[in-house]
Amino acid sequence: MLRYIYATDLHKFSDLANSMFKDRADQFKTRLGWAVNVDENGEERDQYDHLNPLYVIWEEADGSHGGSMRFLPTTGPVMVNDVFSNLNGGTHICSPLIWECTRFCLSRKASSHVAGALTLGGTEIMRNFSVEHLTGVFDHRMIRIYRSLGFSPEVIGSIGEGRDRISLGLWEYSREIYLNVAQRAGITPEQSQMWFDRSFGMSAEQPMAMSA
């Protein structure tokens, strides 16, 4: 199932959260070789995890992490502005209607449906919080995956060649896209909304960290 959890509430799901940060270390440090910080517990965190982001997490039947993504509004510190502004000609993206998605992570044991479920979770956030666009940086290998999930971005800028090529993307929300992603994920909109409501209640009102 999908859970939507703010950073300030991760302590309520300690096993799920710890396995998420360990899977992030495994994916980004061990498998991809990124220069990320891994602590003595084998968990990967960065400064954006301290800004009360909203996590979308696929919880496996045993309560462990199957996959996750991290969301922050671009009105506060975000990686696309702090680290990758060169991909947008130095212009910062700043709007309450645009949120950044980062740390897309799948555990080694994740089944093939988890990526689709997470993508649906991203569109569920957009639908319920009236977010018009998501933004984020991705490498060229993700293009095929986004296409298969029915949620391809508009490419704003790119640098590098071949396997080292990275791009800044902008994903737009529409009802048609939401339904298409749900179909490809094999999850009904009703099931998806139920997971969302289970996390937030019938009202999606929840304070989000808007600045440092």
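The legends below describe close-up views of a predicted model. Local features need pLDDT of at least 70 and side-chain atom pairs count only at pLDDT 80 or more, whereas totals for chains, interfaces and linings use all residues. Residues are numbered from 1 along each chain as its sequence is written, and side-chain values use heavy atoms, with hydrogens and water left out.

View 1. Helices (H or I, at least four residues) and strands (E, at least two) are DSSP runs, numbered from the N terminus. Gly-150, with a positive phi near 80°, follows H4.

**View 2. Buried and exposed faces of helix H5.** Tyr-178, Val-181, Ala-182 and Ala-185 are buried in H5. Seen down the axis of H5, the buried residues fall within an arc of 100°, so they line one face of the helix. Glu-176 and Gln-183 are exposed on the face turned away from the buried side of H5. The buried residues of H5 pack against H3, H4 and H6. Just after H5, Gly-186 has a positive phi of about 70°.

**View 3. Packing of H3 with helix H6 (residues 189–200).** The two helices pack at an angle of about 65°, with their axes 10 Å apart (axes are lines fitted to C-alpha atoms, for helices over the stretch in contact, and angles run from 0 to 180 degrees between N-to-C directions). H3 and H6 are therefore roughly perpendicular to each other (65 to 115 degrees). Leu-120, Glu-124, Ile-125, Arg-127, Asn-128 and Phe-129 in H3 meet Ser-192, Gln-193, Phe-196 and Phe-200 in H6 (contact: heavy atoms within 4.5 Å).

**View 4. Leu-72 in strand S3 (residues 65–73).** Leu-72 counts as buried because its relative accessibility is 4%. Leu-72 and Gln-183 are 111 residues apart in sequence and 26 Å apart in space, C-alpha to C-alpha.

Methods:
Parallel < 35°, antiparallel > 145°, perpendicular 65-115°, else oblique. Buried < 20%, exposed > 50% of the residue type's maximum accessible area, 1.4 Å probe, protein only. Arc of directions from axis to C-beta.
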